[in-house]
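Here is a friendly walk through a protein model for someone meeting it for the first time. Have a look at the fold before reading on.

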Amino acid sequence: MVLAQLPALPPPASWFPGHMMKFTRMLPALLKRTNVVLEIRDSRLPLTSINRTLEGALNKWRLERGWDPNNPGRRFLAVEACEHIVVLNKRDLVPEWGLEPFRKAMAKKYPHQQLFFASWQRPRDIRDLSEILVNIAKEYPHAMELNVLVIGMPNVGKSTLLNALRNMGIKGRTPKALQTSANPGMTRALSTRLKLSLDPLVYAYDSPGVMLPFLGRGAEGAERGVKLALIAGIKEGLYDTEALAAYLLYRLNALNPICNPSLLRAPPPGSSPTSDLENFLTLLARRMGMIRRGAEVDLARAADYFVRWWRGEGGLSSAASSFHIEPRVSTDQRQQITQTQAWDNDPSLFIQEKMERCIDEYVAEMERADTDEANVSETQIKKKAVQEEKERRRQKYSKR
């Protein structure tokens with residue numbers, strides 16, 4: 001049995017400490033000495049992990065470097081390098097069959113954007129990404145060096161990826177240059193320059209992960225916050241683990257039910273994936289021996305184990321799953337039958353079409369949030385009103 005509806009989700013938590021605001025304010029100045037921006041996102045949440053807080057500064061940077069505002073793929077002036085590369089990291093935690101359809105879907109929506117899937121555990125990915133940076137540097141032989149700025153949301157793997165690029169680009173043993181952690185917020189300040197290549201010279205800066213100041217209102221904002229918490233993109237403790245487990249169980253039942261009984265290892269014969277969180281956690285706790293005094297199962301420990309399992313072993317097992325289309329059309333629906341036959345011949349067309357719709361829905365939702373100011377918290381609205389009132393008074397009295 002699959003969950004019929006989304007479980008009740010907690011309101012989105014606010015986590016935007018001072019170092020994030022500081023980096024956001026200094027970004028325009030940093031971009032003046034930047035040639036390539038590597039925007040790191042999480043492959044598990046390729047849309048939710050987009051850092052929209054920094055998009056305004058990036059668009060201004062591109063325009064100042066000669067890119068056409070009406071045609072993002074055309075550049076009027078090319079005196080120095082100015083490239084924005086989106087790296088979808090942790091590709092080993094998502095199914096391989098979804099990578100190429102998503103790349104094509106994004107290319108249709110953002111034809112000017114270069115998309116690259118990577119994992120620090122795949123040397124070929126790191127080598128290919130290193131070659132991309134080196135080739136950009138070679139296009140501008142008059143430049144003394146190429147400066148790369150790495151940005152993204154917390155815990156998407158920026159520091160780990162940079163360490164891997166350094167090891168790939170510099171021959172011989174190289175010490176671990178940047179500290180890494182499984183928890184978000186490890187990098188709190190801009191790093192010193194990290195050399196990625198000797199010939200040509202390529203340097204990179206690691207930056208703090210920047211969370212969205214406000215995740216949004218209503219069900220959309222609540223779901224966005226839970227998704228980011230599940231990939232450890234939000235500070236631990238801001239979300240109740242059982243709430244995360246409830247949403248994770250819902251998504252696994254909807255997308256990959258086989259992970260449900262496989263986690264229990266030995267479900268009763270003929271049983272189907274359970275949709276009841278308490279029942280699922282009880283079975284899991286008993287299987288893992290999470291029993292408290294009085295022979296009572298420890299549901300909190302089971303929920304924590306479930307979430308951490310999905311971030312590691314569960315993500316890998318889910319990524320290894322295959323894709324199968326079950327046609328759901330009647331015999332008199334000729335057009336749909338034709339489409340289904342095309343999907344059977346090339347399932348990637350079906351996947352790509354679904355992804356294109358998801359991207360369109362995401363863009364429409366973000367545009368609607370901008371119009372309605374649904375992406376701005378009440379506190380931010382009050383602060384903006386106070387600043388506007390101060391400016392109005394300053395101008396009024398400066399005229400006297």
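This is a predicted model: local features need pLDDT of at least 70, side-chain atom pairs count only at pLDDT 80 or more; totals for chains, interfaces and linings use all residues.

Residues are numbered from 1 along each chain as its sequence is written, and side-chain values use heavy atoms, with hydrogens and water left out.

**The strands**

Helices (H or I, at least four residues) and strands (E, at least two) are DSSP runs, numbered from the N terminus. Two strands count as paired if DSSP finds at least two bridges between them.

| Strands | Bridges | Facing residues |
|---|---|---|
| β1 (residues 36–42) and β2 | seven bridges | R41 and L88 |
| β1 and β4 | five bridges | V37 and L149 |
| β2 (residues 83–89) and β3 (residues 114–117) | four bridges | L88 and F117 |
| β4 and β6 (residues 202–206) | five bridges | N147 and Y203 |

Let's start with β2. Six of its seven residues are buried (under 20% relative accessible area; exposed is over 50%, partly exposed in between, with a 1.4 Å probe and protein chains only). That is why β2 is largely enclosed by the rest of the structure. Getting there from β1, the chain passes through α2, and this β-α-β crossover is right-handed. Right-handed here means that, with the strands pointing away from the viewer, the path from the first strand over the helix to the second runs clockwise. Going on from β2, helix α3 (residues 99–109) and β3 complete another right-handed β-α-β unit.

Now for β4 (residues 146–152): how many of its residues are buried? Seven of the seven are, so β4 is largely enclosed by the rest of the structure. In a regular strand the side chains alternate between the two faces of the sheet. In β4, L146, V148, V150 and G152 point one way while N147, L149 and I151 point the other, and all are buried.

Helix α2 (residues 55–64) includes E64. E64 is exposed, because its relative accessible area is 51%. Between E64 and C82 there are 18 residues in sequence and 9.8 Å in space, C-alpha to C-alpha.

Helix α4 (residues 123–138) has 16 residues and spans 22 Å from first C-alpha to last, close to the 22 Å expected at 1.5 Å a residue. That expected span is 1.5 Å times one less than the number of residues. Buried residues in α4 include I126, L129, I132, L133 and I136.

**Cysteines and cavities**

C358, with 43%, is partly exposed. A search of the whole structure for disulfides (pairs of cysteine sulfur atoms within 2.5 Å) finds zero.

Finally, the structure holds two cavities of 30 Å³ or more. A cavity is a set of points, on a 1 Å grid over the protein atoms alone, where a 1.4 Å probe fits but cannot get out; lining residues have an atom within 4 Å of a point. Grid points are joined across faces, edges and corners, and a volume is the space filled by probe spheres set on the points. The largest cavity has about 50 Å³ of space. Among the residues lining the largest cavity are K235, E236, Y239 and R311.

Terms used
On a 1 Å grid over the protein atoms alone, a cavity is a set of points where a 1.4 Å probe fits but cannot get out, and a pocket is an open set with protein on both sides within 12 Å along at least five of seven lines; lining residues have an atom within 4 Å of a point.
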